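Reader: I am new to this structure. Please show it to me, and then let me ask about it.

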Amino acid sequence: MPIIVAQVSDAHLGPRTTVFQANMARIEAVLHADPPAALVASGDLSLDGADRDADLSFAATAFRRAAGRAPLLAIPGNHDVGSTAETMPSQTVDEARLARWDQMLGPDRFVQDLDGPGGESWRLVGLNSEIMGTGLAREAEQAGFVTAALEALGRRRIALFLHKPPYLHGMDDGFDYWSVPPAARATLVPLLSHPALRLVASGHLHLHRLVRRGDVTHAWAPPASFVCEPEIQPGIPGERLAGFLRHRLHADHVEVELVSPTGIRAPFLDEVRAETYPRQG
């Protein structure tokens with residue numbers, strides 16, 4: 001039997017996000033009915049954890065409850081800790097924001113080995129995409145973490161989790177809001193080119209898409225909150241719906257299942273802007 005790993009992304013939870021809380025409750029019910037071996041929270045757990053302790057604390061509590069007895073493997077998104085000055089000039093990631101994440105959710109990256117009853121053997125690697133391209137000390141530390149994560153693999157296959165995808169179309173993509181900065185992608189090359197890599201799973205885009213590149217499945221997780229208007233994402237493919245991903249890790253490949261629980265909503269951002277990110281002025 002394969003190892004089951006659930007991935008929930010972009011829940012944007014906080015005390016005032018009533019629609020998103022209802023969505024998360026539906027996801028939690030599915031997870032508790034069929035518990036995974038691990039729950040990966042791939043960023044933007046909170047609505048505005050970069051500036052609001054209450055939002056990050058609320059989200060941390062909700063995700064721990066959803067994980068139940070399964071390990072919660074969480075990595076931050078831009079709304080949790082900020083991001084590069086180019087993408088979020090008013091919420092640039094810094095040590096204070098990272099320390100808040102550390103206090104409430106633990107390390108901002110992870111390595112987790114999982115073994116299945118049929119001989120399945122996997123290493124899950126989670127990285128903080130929001131420090132990539134910043135020059136912070138943590139960025140250099142994370143580069144060393146990548147090297148260490150590839151040691152003593154044996155026959156294990158690798159599943160890589162990020163908030164932002166490495167790129168939208170290819171490694172030569174230019175700079176954009178939606179993916180890892182081009183100058184920082186070199187850090188990912190040892191992982192992306194490794195022969196044991198079988199899955200690259202990310203969030204951030206509020207779109208669902210699966211692409212197979214050789215032996216590797218690239219999965220964009222749907223949001224657990226809202227979808228973006230098409231004009232915000234010109235030329236970016238993907239389905240606009242809400243839910244989460246269930247990854248079935250077999251001996252040498254991955255099956256990715258989209259799970260949209262009954263009753264889950266996928267409002268456009270403008271429909272929920274009043275309780276999420278009101279426009280200024």
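Author: The questions below go from the whole protein to its parts. This is a predicted model, in which local features need pLDDT of at least 70, side-chain atom pairs count only at pLDDT 80 or more, and totals for chains, interfaces and linings use all residues. Residues are numbered from 1 along each chain as its sequence is written, and side-chain values use heavy atoms, with hydrogens and water left out.

Reader: How many helices and strands does the protein have?

Author: Helices (H or I, at least four residues) and strands (E, at least two) are DSSP runs, numbered from the N terminus. By that count, the protein has 6 helices and 11 strands.

Reader: What is the radius of gyration of the protein?

Author: It is taken over C-alpha atoms, and the globule rule is 2.2 Å times the number of residues to the power 0.38. For 281 residues the rule gives 19 Å, and the protein is close to that, so it is as compact as a globular protein of that length. The radius of gyration is 17 Å.

Reader: What percentage of the 281 residues count as buried?

Author: Buried means under 20% relative accessible area, exposed over 50%, partly exposed in between (1.4 Å probe, protein chains only). Of the 281 residues, the buried share is 58%.

Reader: Which elements do the buried residues of α1 pack against?

Author: Helix α1 covers residues 18-33. Its buried residues are Val19, Phe20, Asn23, Met24, Ile27, Glu28 and Leu31. Contact means heavy atoms within 4.5 Å. The buried residues of α1 pack against β1 (3-8), β2 (38-42), α2 (53-67) and β10 (244-249).

Reader: Which residues in α4 does α2 meet?

Author: Helix α4 is residues 95-105. From α2 come Asp53, Leu56, Ser57, Ala60 and Arg64. In α4 they meet Arg100, Trp101, Met104 and Leu105.

Reader: At what angle do α2 and α4 pack?

Author: Axes are lines fitted to C-alpha atoms, for helices over the stretch in contact, and angles run from 0 to 180 degrees between N-to-C directions. The two axes are 10 Å apart. The angle between α2 and α4 is about 35°.

Reader: Is histidine 247 buried or exposed?

Author: Histidine 247 is found in strand β10. Leaving aside neighbours within four places in sequence, its contacts include Ile3, Val5, Phe161 and Val256. Its relative accessible area is 0%, so histidine 247 is buried.

Notes
The expected span of a helix is 1.5 Å times one less than its number of residues.
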